[in-house]
Amino acid sequence: MRIPCCLSVFALGACSSSEPPVPSPVYYGEVDAILAENCVDCHAADEDRLAPFSLAGYDDAVLAAEHTPIAFAVMNRIMPPYYADDSGACRTYHGNRWLTDAQISTLVAWANGAHAAGDPADATPPPPPPPALDGVEAWLDPGADYLPTQSVDDEYRCFVVDPGLAADQFLTGFQVRPGNGSVVHHVIVFALPDAAAEADALGRDAGDLALGYPCPGGPGPASASFLIGWAPGNAAVRFPIGTGIRMLGGRRVVMQVHYNLAESDRRVDRTTVDLALAAAVADEAAILSVRADVDLLPGQPDVAAIGARALPPGAGGRIWGVAMHMHQRGIGGGVRRVVGGDACLLDLVNWSFHWQHLYWFDTPQPVAGGDRLEVTCHYDTSDDRTPVRWGEGTGDEMCLAYVYASQ
Ligand code: HEC
């Protein structure tokens with residue numbers, strides 16, 4: 001992206017180019033609109049906010065512009081932490097926070113410039129609070145407080161939770177309610193398909209004195225499957241209308257909570273999840289996973305893993321959304337549908353282990369029997385001396401796509 005010379009950090013007030021000067025953006029009505037829509041629910045004024053500083057209101061925004069790398073973070077698409085290219089070159093996504101190039105230029109110019117206020121009468125009204133989730137009929141609640149281990153930066157804790165379903169029901173949406181918002185960094189709920197998987201999870205729970213059990217790589221039971229994922233800043237999630245994922249009656253689930261304790265206030269946590277349920281849905285959906293084998297050369301700034309899954313003949317339906325999963329070395333990736341048209345489903349321009357989202361398409365994508373879903377993961381192995389292979393540990397890597405699909 002080209003930054004006009006007048007706006008670069010070093011050229012302030014020293015613009016000698018013959019290009020017409022770009023009007024300087026002002027806070028009220030311009031910058032505040034971008035911040036309100038894309039930043040302020042995490043960078044709130046409230047001390048209990050998720051992000052380490054506030055971007056709410058003129059004074060806080062100026063303070064942040066003076067003391068934090070706003071221009072760097074938005075130009076490199078580190079912030080907001082949503083990495084699916086929404087420009088239309090691949091797909092577009094519902095409710096995504098993808099800054100346009102024009103919005104990035106405005107923020108960069110304002111943050112690196114004189115932080116002009118403009119006229120408070122033009123202030124952008126704060127966005128309305130997100131609507132509550134309807135149809136909540138069950139809750140996931142570990143049943144007690146948990147005090148995260150304070151001696152580590154990242155802790156992964158699994159809780160075996162009974163949603164109390166007498167019979168099969170369809171999950172149509174959910175809302176995660178972090179107990180201690182300053183440490184809960186993501187929540188993944190895994191379904192347990194049978195009694196053996198449930199007994200395995202309960203055994204792990206019983207084997208640890210504190211509530212739950214440690215689960216850095218995954219929930220443990222090999223047959224556990226991804227049900228829902230949540231990262232901070234996501235409000236209530238409603239699955240596409242008419243779709244839902246079957247939850248088995250009488251079966252517990254595993255709720256994995258990632259605690260990021262770098263800024264811990266040492267308070268306990270009791271995160272719960274509201275579940276919106278329906279007895280029946282028009283289109284039963286399922287999460288398909290697509291996996292690539294991982295065997296990466298060390299010492300490479302960009303090395304890829306590619307894998308695919310063929311849909312069985314006769315299969316057909318729609319894909320509504322896609323997520324990816326890698327560990328710490330990920331730098332980007334993508335998911336495509338090949339055969340029967342070659343369609344880009346997701347193009348991640350960046351990756352952060354801390355921000356794993358399910359990106360919902362604006363328009364669901366058709367798939368047919370024989371189609372292959374292909375996942376590509378890119379990694380930086382510059383700091384490795386030995387090959388990096390698949391595994392659950394933080395020193396290992398994974399390459400997975402999760403696809404929300406219905407018939
Ligand atoms: C979903 C929550 C969320 C949203 C939305 C968000 N941020 Fe952040 N931001 C964070 C968190 C949390 C951190 C602390 C670092 C981290 O965990 O990645 C952070 C850190 C930052 C930093 C410091 C980065 C550094 O390297 O020190 C800047 C600057 C920033 N955010 C700017 C923004 C701007 C500007 C927007 C909107 C255009 C935005 N953020 C949107 C959560 C968010």
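User: What makes cysteine 377 and cysteine 399 a disulfide?

Analyst: Good place to start! In this predicted model, the S to S distance between cysteine 377 and cysteine 399 is 2.0 Å. The term disulfide is used for a pair of cysteine sulfur atoms within 2.5 Å, so this pair is called a disulfide. With 85 degrees about the S-S bond, the link is right-handed. It joins distant parts of the chain: cysteine 377 sits in strand β18 (residues 372–379) and cysteine 399 in the loop between β19 (388–389) and β20 (400–406), 22 residues apart. Helices (H or I, at least four residues) and strands (E, at least two) are DSSP runs, numbered from the N terminus.

User: How should I read the numbering and the values here?

Analyst: Residues are numbered from 1 along each chain as its sequence is written, and side-chain values use heavy atoms, with hydrogens and water left out. As the model is predicted, local features need pLDDT of at least 70 and side-chain atom pairs count only at pLDDT 80 or more, while totals for chains, interfaces and linings use all residues.

User: Why is cysteine 377 called buried?

Analyst: Its relative accessibility is 0%. Buried means under 20% relative accessible area, exposed over 50%, and partly exposed in between (1.4 Å probe, protein chains only), so cysteine 377 counts as buried. Cysteine 399 is buried as well, with a relative accessible area of 0%.

User: How many disulfides does the structure hold?

Analyst: The structure holds three disulfides. One of them joins cysteine 90 to cysteine 344, with S to S 2.1 Å. This link is left-handed, with -100 degrees about the S-S bond. Cysteine 90 lies in the loop between α3 (70–75) and α4, and cysteine 344 in strand β16 (residues 343–348), so the pair ties together parts that are 254 residues apart in sequence. Cysteine 90 is buried at 8% relative accessible area, and cysteine 344 is buried at 14%.

User: How far apart are the sulfur atoms of cysteine 158 and cysteine 215?

Analyst: Their sulfur atoms are 2.2 Å apart, and the two cysteines form a disulfide.

User: How do you know the angle at which helix α1 and helix α4 cross?

Analyst: Axes are lines fitted to C-alpha atoms, for helices over the stretch in contact, and angles run from 0 to 180 degrees between N-to-C directions. For α1 (residues 27–38) and α4 (residues 101–112), the axes come within 11 Å and cross at roughly 115 degrees. Contact means heavy atoms within 4.5 Å; here it is made by Tyr27, Glu30, Val31, Ile34, Leu35 and Asn38 of α1 and Gln103, Thr106, Leu107 and Trp110 of α4.

User: Why is threonine 272 called buried?

Analyst: Threonine 272 has a relative accessible area of 16%, so it is buried. It belongs to strand β10 (residues 272–278). Not counting residues up to four places away in sequence, threonine 272 touches Leu140, Asp141, Gln175, Val176 and Arg177.

User: What is the mean pLDDT of the chain?

Analyst: The pLDDT is the predictor's confidence in each residue, from 0 to 100. Its mean over the chain is 90, and 94% of the residues reach 70 or more. Over residues 1–17 the pLDDT is below 50. Where pLDDT is low, the predicted coordinates should not be read in detail.
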